[in-house]
Amino acid sequence: MALIHGLHQRNIRGDLLGGLTAAVVALPLALAFGNAALGPGGAIYGLYGAIVTGFLAALLGGTPAQVSGPTGPMSVTVAGIVSSLAAIGISRDLNAGEMLPLVMAAVVIGGCFEALLGVLRLGRFITLVPYSVVSGFMSGIGFIILVLQLGPFIGVSTRGGVVGSLSSLIEAPSWNPAALAVGLMTLAVVFLTPLRIRQWVPTPLLALLIVTPLSLVLFNDNRLLELGLEPIARIGAIPEGGLQLVFPDFSQHLPELVKAGMVLALLGAIDSLLTSLVADNITQTNHDSNRELIGQGIANTAAGFLSGLPGAGATMRTVINIKSGGQTPWSGMTHSLVLLLVLLGAGPLAAQIPTALLAGILIKVGLDIIDWGFLLRAHRLSAKTAALMYAVLLMTVFWDLIWGVLVGMFVANLLTVDSITRSQLEGMEQDNPSDATEARHANLSPEEEALILRCGKALMLFRLRGPLSFGAAKGISARMGLIQSYSVLILDLTDVPRIGVTATLAIERMVEEAQSAGRTLFIAGANQGLEQRLRQFGVEGVLRHSRLDALQEAAQLI
């Protein structure tokens, strides 16, 4: 296996251009996600996270053209960790030396868990989450981002999650008109910029370049104070000297940190692998899901030690990278190095960025994350699917991210099993043709038709179809009463490729009931795998090679 997945030198020019373009898009988003996750003073940690995770995930991951960095789900989760720690008395002041080491401990733990998912080769299972659950979860993340950014957008300080932020907005005595003006200008840039300009300059960067200078001219602190208005909040001083080493604090609140780390690991895995699928569709390649998880896990672990926000595969940045020519890990690493150069040279300029501007950018991100297409038409596709999607959305927004996904997956799997079971049991009662027409409709051979007509109502041919899951066991057991009405019962497994343990137990019970009632039961047509499993349950005495063999023996007994 190659040390670096998908690395080659044949596309250097495209990779450099793709990485540069992705970095231009990533810069404002990284600052915005950092500010959203950690509050005032947190923007720089989003940039740290983009640099560290962008480089290491590209170097060690399993999706060559993927660009990683802070994302909506990861940032919302970190914001939740901050709120949880603040609720137990930890100061929110990142410079106080108390909050940041605890948050970074959760990031390190999450990175270790995520890498472990890859080591255990669980990557392919992560992507089996039903679309209705993914849609509800991602839409929930979008709504959380919208609610959490309303406060900074209008210049109101908010704390806590969705409910706490809404309460703060309702109780706020007044809005800051200057902050609102900056936010509205940002939305105007990101929504109204003509397509011919957007093709060359990403709208988040354009907003950063246009609105920041305007805010310094129109809403400088002295002018606002003269008008009796509050100054607008800005990012503030950016630490000099590049990446900052931090020693995570594992000595206190470990249970809460482990839980937070598990949430980060699962969300990071889902977020990254969904982006990997998008990259596969565009590039017509196949990613290595387990390797991707290992790479993302190592990258997030390193980010925790370098005071960076955790990251995941970022869909928009990945698509832009590929469309700009990026194909290999060189593009993701180039994106990271460009951001590092910006960090080293543009600190004083970044310090003047208004937080309302970042809130405006994230409001656009939140609106883009919401799956409007599925949200507005799910009820027309399936009532059950729509109910599940809306339930996951509400649980994600108002309860808990991880429980929203887990409960949604559990319910979705129950619905799937119920649907499969109905398909498996469909038409079983009609499998005892009583005349030649029904026999032909049942796709039986002429010899089998003759034998069934000869046996008449003394025979019950019970044909099972498809892979039998545990859900089919109930239907099989419910039909055990049939053995009281027939002299010979034949279970036809010709069209069954595999069978679950629970369904096998149900068949074993049917054999036992038939024997205790003095009836005859045959199991016909089992393939080699099914026959081996049935023999393990001690029913080899009733096994027959084919349906025809069983019918011939039944005709001799009746």
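## The cavity

The largest cavity has a volume of about 80 Å³. A cavity here is a set of points, on a 1 Å grid over the protein atoms alone, where a 1.4 Å probe fits but cannot get out; the volume is the space filled by probe spheres set on the points. This is a predicted model, where local features need pLDDT of at least 70 and side-chain atom pairs count only at pLDDT 80 or more, while totals for chains, interfaces and linings use all residues. Residues are numbered from 1 along each chain as its sequence is written, and side-chain values use heavy atoms, with hydrogens and water left out.

The structure holds one cavity of 30 Å³ or more. Who lines the largest cavity? Phe33, Ala36, Ala37, Gly72, Ser75, Val76, Ala79, Ile145, Leu148, Gln149 and Leu362 do, each with an atom within 4 Å of a point. Helices H1 (12-38), H3 (72-87) and H6 (131-154) are the elements that give two or more residues to this lining, and H3 gives the most, with four. Helices are DSSP runs (H or I, at least four residues), numbered from the N terminus. By type, the lining splits into eight nonpolar, three polar and no charged residues; Gly counts as polar in this scheme.

## Helix H17

Helix H17 covers residues 355-369, and its 15 residues should span 21 Å at 1.5 Å a residue; the end C-alpha atoms are 21 Å apart, which agrees. The expected span is 1.5 Å times one less than the number of residues.

H17 is mostly covered, with 13 of its 15 residues buried. Buried means under 20% relative accessible area, exposed means over 50%, and partly exposed is in between (1.4 Å probe, protein chains only).

## Rings and a charge

There are three aromatic pairs in the structure. Tyr45 and Tyr48 make one that is edge-to-face, at 5.8 Å centre to centre and 75° between the planes. Rings pair if their centres lie within 6.5 Å, with planes under 30 degrees apart counting as stacked and over 60 as edge-to-face. Both tyrosines sit in helix H2 (residues 43-60), three residues apart, about one turn of the helix. Tyr45 counts as buried because its relative accessibility is 8%, and Tyr48 is buried too, at 0%.

Trp399 and Trp403 have ring centres 6.0 Å apart and planes at 20°, so that pair is stacked. Trp399 counts as exposed at 52% relative accessibility, whereas Trp403, at 42%, counts as partly exposed.

Lys364 lies over the face of Phe191, at 5.6 Å from the ring centre. The cut-offs for a Lys over a ring are NZ within 6 Å of the ring centre and within 35 degrees of the ring normal.

Notes: On a 1 Å grid over the protein atoms alone, a cavity is a set of points where a 1.4 Å probe fits but cannot get out, and a pocket is an open set with protein on both sides within 12 Å along at least five of seven lines; lining residues have an atom within 4 Å of a point.
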